Amino acid sequence: MTPHETSPADGLKISTLAERPELTRRLYEIADDWPAFIPHEPVAGALLSRVPEEFPQYCVVATDGDRVVARGFGVPFDAASDGREEMPDQGWDRVLVWAMRDRRGGAAVTAASALEITVDRDYLGRGLSYRMLAALRGAAGDQGHRDFLAPVRPTAKHLRPHLPMTEYVRLVRDDGLPQDPWLRVHVRAGGVIERIAPASMTVSGSLDQWRAWTGLPLEADGAVEVPGALVPLRCDAAHGYAVYVEPNVWIRHGAGPAVADGA
């Protein structure tokens, strides 16, 4: 199977951006549910918008007729040089920085990682996330990669922000699959949970900025639960700032199409 996929059942089409470069400027037409503070992550703000243009063969887009309904970003990077590894503690941030640095320097790449899969809220619950993951894996396989890595943001972790991620990933259903819906998608698709990225994304700002992003008063020091955050926000009222350090979960896939059988 190639990254390009057409489903006769629902008419949705998934293509790489190398196949559909005209859709690059439309990727953010999707109605998403990302927390309001996520776009203020500095690495994402500086580099993420460049990914579709720099790595179109690693990125995929889903369309329903003329409507863009999902996007998936991936990047290649050098994981073999000194000081590098396939699954760094700084997860998402580190992989994106390495990918851009390697692109600029012409380094030989040895690994491929997902960065994002976003599905329009009107298309949630249709199994599209499975198909986007399969398309990203297929795209990486077409570029010669045997494995496809993913620093995964568990979608239900925000409901248990004080539970350490190391414990959260061990929560399973009676059938042995993860309780978390997004982790379950990856495991059902053949992914293996390997380790935690404890500092995968970091968002810092003044308390006034965080108040604007969250609508919370943030008047006391310490840990504060924030809607959509996977762990508590750390506030320092005396110095007027707060820092959010998000853990993600590293999952290893084989590059190539995944087989989905429901959520």
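**The pocket and the salt bridges**

Guide: β5 gives the largest share of the lining of the largest pocket, six residues. Helices (H or I, at least four residues) and strands (E, at least two) are DSSP runs, numbered from the N terminus.
Visitor: Where does the model come from, and how are residues numbered?
Guide: The model is predicted: local features need pLDDT of at least 70 and side-chain atom pairs count only at pLDDT 80 or more, while totals for chains, interfaces and linings use all residues. Residues are numbered from 1 along each chain as its sequence is written, and side-chain values use heavy atoms, with hydrogens and water left out.
Visitor: How much space lies in the largest pocket?
Guide: About 1200 Å³. Of its 44 lining residues, the closest to the centre are W34, I117, T118, T155 and W182. On a 1 Å grid over the protein atoms alone, a pocket is an open set of points where a 1.4 Å probe fits, with protein on both sides within 12 Å along at least five of seven lines; lining residues have an atom within 4 Å of a point. The volume is the space filled by probe spheres set on the points, which are joined across faces, edges and corners.
Visitor: What classes of residue are in the lining?
Guide: The lining has 25 nonpolar, eleven polar and eight charged residues. Ala, Val, Leu, Ile, Met, Phe, Trp, Tyr, Cys and Pro count as nonpolar, Asp, Glu, Lys and Arg as charged, and the others, Gly among them, as polar.
Visitor: New topic. How many salt bridges are there?
Guide: The count is 16, taking a side-chain nitrogen of Lys or Arg within 4 Å of a carboxyl oxygen of Asp or Glu.
Visitor: What does R121 pair with?
Guide: R121 pairs with D33, with the closest N and O atoms 3.0 Å apart. R121 is in the loop between β5 and α4 and D33 in the loop between β2 and α1, so the bridge ties together parts 88 residues apart in sequence.
Visitor: Is D33 buried or exposed?
Guide: D33 is exposed, at 54% relative accessible area, while R121 is partly exposed at 41%. Buried means under 20%, exposed over 50% and partly exposed in between (1.4 Å probe, protein chains only).
Visitor: And which residue does R71 bridge to?
Guide: R71 bridges to E116, at 2.6 Å between the closest N and O atoms. R71 is in strand β4 and E116 in strand β5, 45 residues apart. R71 is buried at 3%, and E116 is buried at 8%.
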